[in-house]
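Please look over the sequence and the model below before reading on.

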Amino acid sequence: MKYNIFPNTQEKVSAIGLGTWVFGGENWGGADDAQCAAAVGEALASGMNLIDTAPFYTDGLSEKIIGQALKGRRDKAFIATKCGIIRENGRIRHDLRPASIMAECDQSLKRLQCDVIDLYICHWPDPAVAIEQTMGTLLKLRDQKKIRHIGVSNFDLELLKKACAAAPVSAYQGQYSILERGMEKEILPFCREKGIGVMAYGAMGGGILTGKYKNRPPLTKKDARHMFYEFFEEIRFKKVIQGVEDLKKMGHPMNQLALNWVRQQSGVMTALAGCRSAEQVRANVAAADWNLSAEELEKIRAAVFV
Ligand SMILES: NC(=O)c1ccc[n+]([C@@H]2O[C@H](COP(=O)([O-])OP(=O)(O)OC[C@H]3O[C@@H](n4cnc5c(N)ncnc54)[C@H](OP(=O)(O)O)[C@@H]3O)[C@@H](O)[C@H]2O)c1
């Protein structure tokens with residue numbers, strides 16, 4: 001495994017981190033809990049210390065599976081979890097009010113069966129709450145030693161700047177892949193300048209960049225790949241698959257090519273790889289054994305997917 005030190009902190013995190021949205025299976029067509037737990041074990045065994053989760057992932061089940069799997073080896077993992085997405089009567093709303101964050105943090109600690117969260121991330125902006133209030137709450141949690149570092153996710157540049165003015169932001173989480181490079185315009189340069197570690201999600205485009213699809217999979221309306229990763233929409237899908245077939249000619253396993261392209265971009269501390277099994281962890285961790293050359297990085301950048 002390769003590691004990066006999060007700038008502004010002394011934290012050493014694996015260049016490929018374990019993504020666990022799929023844990024519990026909600027929004028991902030189901031998942032086997034035992035296999036997800038085995039994915040955590042395999043991640044640790046292969047030196048992948050960063051584990052990313054959120055209360056939103058299958059309504060806390062992702063955190064519970066991780067907490068159980070980490071019993072007796074909590075010190076081996078760097079846990080990132082989140083706050084700010086609340087379920088209520090079957091509906092979902094954003095909430096970064098102080099009382100809500102405080103309550104969410106306690107619930108996450110309980111599900112994760114630990115005393116402290118290494119990185120606590122605002123999952124999504126809440127326009128109804130002043131960011132200074134949110135950041136003040138996170139600082140309070142840090143003072144109480146319930147969290148160690150603060151991160152934000154899916155913030156635009158203006159909000160990120162305000163967050164940084166109110167508290168030390170150690171990490172930024174956003175979508176970044178060969179297919180989705182919007183972060184390069186403003187966020188990535190700002191994070192590089194300020195020493196904020198970027199955690200890239202969707203680096204395999206929700207699975208489409210692994211090269212395993214020939215045809216569009218049947219997805220329910222609530223499936224993450226349908227509602228979140230637009231590459232799975234009918235017209236886009238065909239074009240992306242054509243681009244993927246072209247990239248395969250470079251001779252690398254596609255999942256690893258996709259992860260390495262992201263993790264080798266300057267400023268990226270970790271490329272999150274969502275995995276539902278130990279087998280997927282092994283296939284993705286292997287990306288850290290090699291690097292794309294400078295020419296390959298540029299060739300991939302120039303690839304056409306639209
Ligand atoms: N902050 C946020 O708002 C946010 C948003 C999205 C994600 N995230 C985080 O980032 C993580 C990564 O993103 P993601 O999971 O959405 O997308 P991703 O990593 O691009 O894709 C993950 C999916 O690809 C498939 N896959 C993974 N490895 C594979 C392999 N070697 N061969 C074949 N298929 C493979 C699996 O699904 P199948 O087996 O079903 O194909 C897996 O669930 C998440 O798990 C989550 O922790 C955060």
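In helix H8, the residues that count as buried (under 20% relative accessible area, with exposed meaning over 50% and partly exposed in between, for a 1.4 Å probe and protein chains only) are Arg236, Phe237, Val240, Ile241, Gly243, Val244 and Leu247. Seen down the axis of H8, these buried residues fall within an arc of 165 degrees, so they line one face of the helix; the arc is that of the directions from the helix axis to the C-beta atoms. The face turned away from the buried side of H8 carries the exposed residues Glu234, Ile235 and Lys238. The cover over the buried residues of H8 includes helix H9 (254-263) and helix H11 (294-301), where contact means heavy atoms within 4.5 Å.

This is a predicted model, in which local features need pLDDT of at least 70 and side-chain atom pairs count only at pLDDT 80 or more, while totals for chains, interfaces and linings use all residues. Residues are numbered from 1 along each chain as its sequence is written, and side-chain values use heavy atoms, with hydrogens and water left out. Helices (H or I, at least four residues) and strands (E, at least two) are DSSP runs, numbered from the N terminus.

Turning to the strands, eight of them close into a barrel in the order E3-E4-E5-E8-E9-E10-E11-E12, with parallel pairing; two strands pair if DSSP finds at least two bridges between them. The twist averages 30 degrees from one strand to the next. Strand E12 (residues 268-274) is mostly covered, since six of its seven residues are buried. Strand E3 (residues 16-19) runs parallel to E12 and is joined to it by four bridges, and Gly19 stands opposite Gly274 in E12. Three bridges join strand E11 (residues 197-201) to E12, again in the parallel sense, and Ala200 has Ala271 in E12 as its bridge partner.

A helix pair remains to be described. Helix H2 (residues 61-69) and helix H3 (residues 98-112) pack at an angle of about 45 degrees, with their axes 7 Å apart. That angle makes H2 oblique to H3, given that angles under 35 degrees count as roughly parallel, over 145 as roughly antiparallel, 65 to 115 as roughly perpendicular and the rest as oblique. Glu63, Lys64, Ile66 and Gly67 of H2 make the contact with Ser108, Arg111 and Leu112 of H3.

Note on methods: Axes are lines fitted to C-alpha atoms, for helices over the stretch in contact, and angles run from 0 to 180 degrees between N-to-C directions.
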